[in-house]
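Visitor: I have a two-chain model open and would like to go through it. Can we start with the interface and then look at single residues?

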Amino acid sequence: MSDLIKLNKYSIKSDDNGGEALYDVNFTLRKGDICVVRTDSLDNAHFLLRGLATLEYPFEGSYLFKGSKLDFSDYRNLLHVKSKIGYVASDVALISNMTVRENLLLTKKYYESTFTTHIVDKAMRMCQAFEIDDKLDVHPCDLNPLHYQIASAAVAVSTEPELLLLERPEDFIPHSKMVYLNELLDEIRDQGRGAVILSYDREFIRMNANRIITIAEGRIIEGSLPSTRV
Amino acid sequence: MIDYISGSVGRKAYSAVNYILNLCAFSYRILKALFRGGENGRAIIRRAIIDQIYYTAVQALQIMIPISLLVGSIMILQFAKITGQYDLGKTAVLIIVRESGPIITAFVVILRSATAVTVETSYMNIRNEIESIEMLGIDPVRIICVPRLIGITSAIVCLFIVFDLLSIIGGAVIVWSITNVPVEVFLGQVGKAITVIDILVGIIKALAYGFIITVVCTYHGFVEKSRITQLAETVSRASIECFFYCIVIDIIVSAVFYL
């Protein structure tokens, strides 16, 4: 299988005093990989996801996306890559002066110059599954935190990303609804896309991951595969 | 002591020049997004421009109309005393159309819209909404700054025209009420005194004010922040800078055309 992303001696460091840093990361994600990240430092794992989403710029090393080396000299060079990445994390935000529906339709409105109100089927199914379909015409500030996270995830899913970055889905997806996420990840795997997920839910890892990596002291260590996977 | 002072002055000068260059670079980025942004996003930008013109121009009319009537009245009232009612029309053109019209319009827009734009973009930055826009593959400068540039600039030009017309009407009311000069004579003096250069200068100033207000406010919004408490400081700084740059532009444009 060809590589979806490849990091070579990739090093990133936080600009603020948070202390997050990753050094000499060599990481390859192949098409169809569902990779779970384990770490004792939540900050570093979150930082890795931000780095993979190209929201953090490296001071060393290279990042290849589908074989093309990314140019971090200007954020505009990364926009076409970012549009192929779905980033669902604690620091993701919806546009506050737009309703949830308008947030879901923003990409369509931008690229197709259309004011249609038809939401992509996958995103609509997600909204219905997580019972926020009756909240599409409210502003994000009127949503409770769980629904806010779910709406953010729906926005990411609606763009049909080639790489899905997901941070602790167990925090905002009820256990009873996890089957929807499992189906989504199966679809990602079958379609040759990829996902990197930070999760501590053993059942979820067992069911979905075909790779595990561990972050220790700012470096990545390849872990063992889960013993069984359904 | 001398070393400390000279070092401090040098650092401040370097910092100021660096800041001006950053503003110029940001201006270039906005203009590039405006002229070479491609077809994508035009529907969103058009809608945002209309919204911005409504907020900046239409909603400002209820304050702009009384201000312009009062300013025109006050100017003519004072100059009627000084000049002895001679050539009040020319005075009105000199004071209102050339100078006070554009700058007072800019001040009203800064107080109303510049602060709002700074708050909005800063809030979007602090809440990571700008990052979220980037993650959709959309250039945030294109959908945030470009409509505000076009909207605010268009609004200032329109408001400046409204201000000048209403100021002259306000002045005409004073002329009618306290002087011996017939209103038609006053308006005839205004008509003779106003030249194409005066209108052109007013429009150039209005365009320049709109551009600088948008660039300064959105720049302050986009600059990295981490705390909501920095918002007040940012808005205050952006407003003061807008005032200062508008006055500098006023002086420069007037000097170029009238010296």
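Guide: First a term: buried area is the accessible area, taken with a 1.4 Å probe, that two parts lose on being put together, summed over both. Also keep in mind that this is a predicted model.

Visitor: Fine. What is the area buried between chain B and chain A?

Guide: About 2,500 Å², with carbon and sulfur atoms giving 57% of that. On the chain B side, the residues that lose the most area to chain A are B:Glu134, B:Met135 and B:Leu136, together 26% of what that side buries.

Visitor: How many residues of each chain are in contact?

Guide: 28 residues of chain B touch 28 residues of chain A.

Visitor: And how many salt bridges between chain B and chain A?

Guide: Three. A salt bridge joins the side chains of A:Arg50 and B:Glu131, at 2.7 Å from N to O.

Visitor: Which helices of chain B supply at least two residues to the side that touches chain A?

Guide: In chain B, they are H1 (2-35), H2 (42-58), H4 (88-126), H5 (129-135) and H6 (140-178). H5(B) gives the most, six residues. By type, the chain B side divides into eleven nonpolar, five polar and twelve charged residues.

Visitor: Changing topic. Where does A:His46 lie?

Guide: In helix H1 of chain A, residues 42-52.

Visitor: Is A:His46 buried or exposed?

Guide: A:His46 is buried, because its relative accessibility is 17% and the cut-off for buried is under 20%.

Visitor: What is A:His46 in contact with, leaving aside neighbours within four places in sequence?

Guide: A:Tyr87, A:Ala89, A:Ser90, A:Asp91 and A:Glu167. As for A:Phe59, that residue is 13 residues from A:His46 in sequence, and the two C-alpha atoms are 18 Å apart.

Visitor: What about the phi of A:Glu131?

Guide: Near 60 degrees, positive again in a residue other than glycine. A:Glu131 is in the loop between helix H4 (121-129) and helix H5 (145-158) of chain A.

Note on methods. Residues are numbered from 1 along each chain as its sequence is written. Chains are lettered from A and ligands numbered from 1 in the order in which they are written. This is a predicted model: local features need pLDDT of at least 70, side-chain atom pairs count only at pLDDT 80 or more; totals for chains, interfaces and linings use all residues. Side-chain values use heavy atoms; hydrogens and water are left out. Contact means heavy atoms within 4.5 Å. A salt bridge is a side-chain nitrogen of Lys or Arg within 4 Å of a carboxyl oxygen of Asp or Glu. Helices (H or I, at least four residues) and strands (E, at least two) are DSSP runs, numbered from the N terminus. Ala, Val, Leu, Ile, Met, Phe, Trp, Tyr, Cys and Pro count as nonpolar, Asp, Glu, Lys and Arg as charged, and the others, Gly among them, as polar. Buried means under 20% relative accessible area, exposed over 50%, partly exposed in between (1.4 Å probe, protein chains only).
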